[in-house]
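Please walk through the model shown here.

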Amino acid sequence: MATGSTSRPRHLPEKGFPAYAYLPGRHPHPVRDPAGHSYRVEPMPVTADASLGSDPFLWGLDLFNHGYYWEAHEAWEGLWQVADRGGPSRVFFKALILLSAAGVKIREGKTAAAVRHSQRAAMLFRRLNGPSEHIVENALGLPPAILADYAEAATRVPAALRDVPLGRPQPVFDFVLGS
C-alpha cells in the first residue's frame, strides 16, 4: 500500500492507501482490470442513513487530500447514490465528485475538462446555503462559498505539478478538506 503526504491529516489512518493513484490510460483500471488496485475488492458498504462522519465519507476525504482523486470520486459515489434526490446531501456529494474529477483532469493536463468540472463543482457548492452551509462547513472545515472560489481558482492558476513517479499521488489543490 502506498503512503500519502505526511503533512496532510488522516481520518482513517488504519486504512492503507491504494497502490497507485489512478490516471486513465496510464495505469490498469482499478476495478475492471485484473491488475487494478481494487480488482475484486468490495467497496465500503454505504447505507441510506450514511452520515458525514461515516467511514465512506472520511475515506473519501483521506483519498482526496492525499491526491487520489479518482479513488475519492469512487468513495463518494456510493454516498451520492443513496442521498435523497433533489436534497442538499446529493448536491454536496455531486460537488465533491466533480471536484475530484477536476483533480484527475488537472493531473492529466486536460485543462478544458478540469475547468468544466471545477466550474460545475463551484456552482453546486454555491447552491448549498442556509442550514446546509453550516453542515458543509462542519464536515469540510470550509464554507461552501469558499470551496466554490477554491474550485474555480484551481483551474485559473495552474497547479505546479512536480515530476512524480508514475502512480504516485499528487495533491493539486492548495486546500485540505475536513481539517
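This is a predicted model: local features need pLDDT of at least 70, side-chain atom pairs count only at pLDDT 80 or more; totals for chains, interfaces and linings use all residues.

A search of the whole structure for cavities of 30 Å³ or more returns one. The volume of this largest cavity is about 30 Å³. Its lining consists of Ala21, Tyr22, Leu23, Gly67, Tyr68, Tyr69, Trp70, Glu71, Val104 and Arg107. Two elements, helix 2 (69-82) and helix 3 (88-108), each give two or more residues to that lining. Helix 2 supplies the largest share, with three residues. Sorted by class, seven of the lining residues are nonpolar, one is polar and two are charged.

The next stop is helix 5, which spans residues 131-140. Which residues of helix 5 are buried? They are Ser132, Val136, Ala139 and Leu140. These residues lie on the same side of helix 5, because the arc they cover around the axis is only 80°. The face turned away from this buried side carries Pro131, His134 and Asn138, which are exposed. Here buried stands for under 20% relative accessible area and exposed for over 50%.

What covers the buried residues of helix 5? The cover includes helix 1 (55-65), helix 3 and helix 6 (144-156).

How values were computed
Residues are numbered from 1 along each chain as its sequence is written. Side-chain values use heavy atoms; hydrogens and water are left out. On a 1 Å grid over the protein atoms alone, a cavity is a set of points where a 1.4 Å probe fits but cannot get out, and a pocket is an open set with protein on both sides within 12 Å along at least five of seven lines; lining residues have an atom within 4 Å of a point. Grid points are joined across faces, edges and corners, and a volume is the space filled by probe spheres set on the points. Helices (H or I, at least four residues) and strands (E, at least two) are DSSP runs, numbered from the N terminus. Ala, Val, Leu, Ile, Met, Phe, Trp, Tyr, Cys and Pro count as nonpolar, Asp, Glu, Lys and Arg as charged, and the others, Gly among them, as polar. Buried means under 20% relative accessible area, exposed over 50%, partly exposed in between (1.4 Å probe, protein chains only). The arc is that of the directions from the helix axis to the C-beta atoms. Contact means heavy atoms within 4.5 Å.
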